[in-house]
Amino acid sequence: MSRFINLRSSIKYFYGGLISILLVGFFSALLFGCNNSQVANNPTGRITIGTTSTIRTLDPADAYDLLSGNILFNVCDRLYTYKPGTTDLIPELAADFPAISDDGLTYRIPLKSGIKFHDGTDFNASAMAFSLNRFIKLGGAPAFLLADIVKSVTAINPTELEIALKERSQFFPKLLAFTGAAAISPKAYGNSSGFLPNQAICTGVYQVAEYIEGNILRLNPFSDYWGEKPKNAGIDLQFISSNANLLNSFKTGGVDVAWQTLSPAQIHNLEVNANKYGWNIASNQGSVILYMVLNVKQSPLDHIKVRQAIAAAINRPLLAERVFQNQRIPLYSLVPKTLSDYKPTFQNLYGDGNGKLARKLLTEAGYSDTNPAQVSFWYAPKYAGNGDLVLSTLKAAITRDVGKILEIKLEKVDTTTAYGYLDQGVYPTFFLDWVPDIFDPDNFLQPFLTCDQGNLQNGCIKGRSQYQGAFYYNPEINDLISTQRIELNPQKRSALLIEIQEILARDVPFIPLWQNKEYAFGRSQIKGLKVEPTQQLNYANIYKSTK
């Protein structure tokens, strides 16, 4: 799953976005019977969150982007969630953690009672079974998360759920915390054989009151919510056409909170001026990773030493400082630093901007200043906020450190086109980002490295590695990933995960680059703004105060 930022910024969009904001503000005053001064003095007033991100669907069974996941996090409940401020799993709709059979294939989950859906119907084990089975059977974008591992979901009685697995899984409960694995009302969804993209009828603290695609999503507190009530009177999520308009709207008070997505330069501008204007900054180290995929079947990348040379040539700290203004940190494994099993294998083997090592490896591969290795770096224009700046800076640094023995050509293509051809082997390299589904090392390794069908001669013909455009095939990696997925001993599993990262650094089908940092900005009266380690923004904690 990848996210590329919408950076449209024309006069047409500026004035269109500004007029939309003014109209929304006017009608909000009529709807809620208060003007701006009244809202500012009401600690439970409505909160307007501005974003440049868009929503493809609100249906939990098909939602697979960062913003939709954040909305569902606030509108829906799952069996498990994450303890605030951590990535530790805690029960939500479940009454406790599962009881697991001796063979690790059957999970019995006790459920809470007395919970209502937004349409007034009761939550119970049958409703939860319906929700998970629908998630699997409709085959939406995230369906594979459960479909690959779940054999059946059954309601044993009104307060007990049984889930049978196809194979043991060390991290299965984390999959039940994925936002799409939410409880939804059988009454609201049971008569439809397809997706319902404009509704989310769940059990969460907020319910959808109005959704105008591309304009606004209005969330009201759910009066029958089973848990703690929100600290505000509702959320208005305002969709804004560009990050320039989002920045302007935040500065002028058109929105209370700016959330996803501003450029590094815009974030720096807000950070520098925060004290002057009393703005509140919420940030946390995210788990989105930026990486480079290398097609191991294309020359000259079919030579391992060429791939290793590129890994040695990349200077992560330079770009982290000059391009990203320290809003992204260098990353030396596909496993992010926020997870305990992270090991900086690329740093250990290659360092950063190691031109001497890169030249040595390229020379051993048969190249020279008069016979350079020629590699095209492909990217989307909106990559990491400004693909042109990122890639031109990266190319200049490599050319300076390595010299003429490595000749880099920059090529760009829009995201939609790229994903249509990536798995066909068209691109020798591509720069991508990855938004995790769950916070477990497996989610940063298995979707990249495994191959269902292939051989050493032809590479990966079918599987995750082929889908990513790397075409990497290694039966040892396949076995290690399969083994760690079912290993229940944490120490043994950790050793397997480290071994996988070491092989990844040696073979270089991917090069990890940076790890993101997530930001939300609130105006001076906004309190309770916090970005969780899971990159979620909890709307219920945000409120307005004059203090």
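Visitor: Which residues of H10 are buried?

Guide: In H10 the buried residues are Val306, Arg307, Gln308, Ala309, Ile310, Ala311, Ala312 and Ala313, where buried means under 20% relative accessible area, exposed means over 50%, and partly exposed covers what lies in between, with a 1.4 Å probe and protein chains only. The model is a predicted one, in which local features need pLDDT of at least 70 and side-chain atom pairs count only at pLDDT 80 or more, while totals for chains, interfaces and linings use all residues. Residues are numbered from 1 along each chain as its sequence is written, and side-chain values use heavy atoms, with hydrogens and water left out.

Visitor: What makes H10 a mostly covered helix?

Guide: Eight of its ten residues are buried, and on that count H10 is described as mostly covered. As for the label, helices (H or I, at least four residues) and strands (E, at least two) are DSSP runs, numbered from the N terminus.

Visitor: Why are H10 and H13 called roughly antiparallel?

Guide: Their packing angle is about 170°, and their axes are 8 Å apart; the axes are lines fitted to C-alpha atoms, for helices over the stretch in contact, and angles run from 0 to 180 degrees between N-to-C directions. Angles under 35 degrees count as roughly parallel, over 145 as roughly antiparallel, 65 to 115 as roughly perpendicular, and the rest as oblique. H10 and H13 are therefore roughly antiparallel to each other. On the H10 side the contact (heavy atoms within 4.5 Å) is made by Lys305, Val306, Gln308, Ala309, Ala312 and Ala313, and on the H13 side by Leu357, Ala358, Leu361, Leu362 and Glu364. By class these are eight nonpolar, one polar and two charged residues, where Ala, Val, Leu, Ile, Met, Phe, Trp, Tyr, Cys and Pro count as nonpolar, Asp, Glu, Lys and Arg as charged, and the others, Gly among them, as polar.

Visitor: How do you know where the buried residues of H13 fall when seen down its axis?

Guide: The buried residues of H13, which spans residues 355-364, are Gly355, Ala358, Leu361 and Leu362. Seen down the axis of H13 they fall within an arc of 130°, so they line one face of the helix, the arc being that of the directions from the helix axis to the C-beta atoms. Their cover includes helix H10 (304-313), strand S14 (373-379), helix H14 (387-402) and strand S15 (406-412).

Visitor: What makes H8 roughly parallel to H9?

Guide: Helix H8 (residues 243-252) and helix H9 (residues 264-277) pack at an angle of about 15°, with their axes 11 Å apart. That angle makes H8 roughly parallel to H9. Asn243, Ala244, Leu247, Phe250 and Lys251 of H8 meet Gln266, Asn269 and Leu270 of H9. These residues divide into four nonpolar, three polar and one charged.

Visitor: Why does asparagine 326 count as exposed, and why does glutamine 325 count as partly exposed?

Guide: Asparagine 326 has 54% relative accessibility and so counts as exposed, while glutamine 325, at 28%, counts as partly exposed. Glutamine 325 lies in the loop between helix H11 (316-322) and strand S13 (328-330), and asparagine 326 is found in the loop between H11 and S13 as well. Glutamine 325 has a positive phi of about 50° although it is not a glycine, and the phi of asparagine 326 is near 60°. Most residues other than glycine have a negative phi, and most peptide bonds are trans.

Visitor: Which peptide bond into threonine 261 is cis, and which residues does the cis bond at proline 300 join?

Guide: The bond from glutamine 260 to threonine 261 is cis, with omega near 10°, and another cis bond joins serine 299 and proline 300, with omega about 0°. Proline 300 lies in the loop between strand S12 (280-294) and H10.

Visitor: Is threonine 57 buried or exposed?

Guide: Its relative accessible area is 2%, so threonine 57 is buried. Threonine 57 sits in the loop between strand S1 (47-51) and helix H3 (66-75). Leaving aside neighbours within four places in sequence, threonine 57 is in contact with Asp62, Ala63, Ser68 and Pro197.
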